[in-house]
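Hi there,

Here is the structure I promised to pass on to you. Have a look at it first, and then read on for what I found.

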Amino acid sequence: TVVTLLSGPIQGAYFAIANRLISPLSMIPNAMAMVLMPAISKKELSKKQYIKSAYITSIISSIPLLILIVIAPYILPLLLGADYTNAVSTVQVVCAGLAVSSVSSMFFAILQGAGQAKKAANISLITTCSYLIALPVSLQWGAFGAGCALSTSFLLRFLLSRNAVIALPH
């Protein structure tokens, strides 16, 4: 990966652990977003109800992430060994970013269900580019910096998608 290439194998391993842990946890909000999309396209609820559903679903799906943030300092060294103590902050920042990302997944479903797939694609393009630009700069702080760059792109994705959903007509 880019992190390994630019920061070395140890930092690459720390970042990989964070990514491997969040992959299964991201399935919950993504699956819920896919359930929400057809309902939006049929206009079964108001925009306010969709937004409320997005936040409630995201809060519920973020519970495992918040638990992982709290227990990471204890569980990572226990399961992976003392060498992975330095990966704790990376895991924590990436989990926090994914909690924010779960809300934007729901907002993306709202946009696509409302016929705004192009707007969602543009937001994805902007946030991916922001991550790719920030990543090399952030790597001076190793895996933690890479995690911060990823989480920052998640935050930008949330802000842009939220604003796009708010701008939708009723």
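To start with a term: helices here are DSSP runs (H or I, at least four residues), as strands are (E, at least two), and both are numbered from the N terminus. Please keep in mind that this is a predicted model, in which local features need pLDDT of at least 70 and side-chain atom pairs count only at pLDDT 80 or more, while totals for chains, interfaces and linings use all residues. Residues are numbered from 1 along each chain as its sequence is written, and side-chain values use heavy atoms, with hydrogens and water left out.

**The whole protein**

The protein has six helices and zero strands, and its pattern along the sequence reads α-α-α-α-α-α. Its radius of gyration is 17 Å, close to the 15 Å that the globule rule gives for 170 residues, so the protein is as compact as a globular protein of that length. (That radius is taken over C-alpha atoms, and the rule is 2.2 Å times the number of residues to the power 0.38.) Along the principal axes, the C-alpha atoms fill a box of roughly 50 × 30 × 15 Å.

Of the 170 residues, 43% are buried; buried means under 20% relative accessible area, exposed means over 50%, and partly exposed is in between, using a 1.4 Å probe and protein chains only. Contact, for its part, means heavy atoms within 4.5 Å. Among contacts between residues at least 6 apart in sequence, 78% join residues at least 24 apart.

**How the helices pack**

Two packed helices are described by the angle between their axes and the distance between the axes. Here the axes are lines fitted to C-alpha atoms, for helices over the stretch in contact, and angles run from 0 to 180 degrees between N-to-C directions.

Let's begin with helix 2 (residues 9–41) and helix 4 (residues 88–113), whose axes come within 8 Å and cross at roughly 20°. The two helices are therefore roughly parallel to each other; angles under 35 degrees count as roughly parallel, over 145 as roughly antiparallel, 65 to 115 as roughly perpendicular and the rest as oblique.

On the helix 2 side, Q11, Y14, F15 and N19 take part, and they meet G142, A143, F144, A146, G147 and L150 in helix 6. By class, this contact divides into six nonpolar, four polar and no charged residues.

For helix 4 and helix 5 (residues 117–138), the packing angle is about 145° and the axes are 7 Å apart. F108, L111 and Q112 of helix 4 make the contact with A117, K119, A120, I123 and S124 of helix 5. Five of these residues are nonpolar, two are polar and one is charged.

S62 counts as buried at 7% relative accessibility, and, not counting residues up to four places away in sequence, it touches A99 and S102.

S101 lies in helix 4 and is buried, with a relative accessible area of 6%. Apart from neighbours within four places in sequence, S101 is in contact with F154 and R157.

A149 belongs to helix 6 (residues 142–166) and is buried too, at 6% relative accessible area. Leaving aside neighbours within four places, A149 is in contact with Y131, A134, L135 and S138.

Finally, S23 in helix 2 counts as partly exposed at 40% relative accessibility. The C-alpha atoms of S23 and L98 are 75 residues apart along the chain and separated by 9.5 Å.

Enjoy exploring!

Best wishes

Key. Ala, Val, Leu, Ile, Met, Phe, Trp, Tyr, Cys and Pro count as nonpolar, Asp, Glu, Lys and Arg as charged, and the others, Gly among them, as polar.
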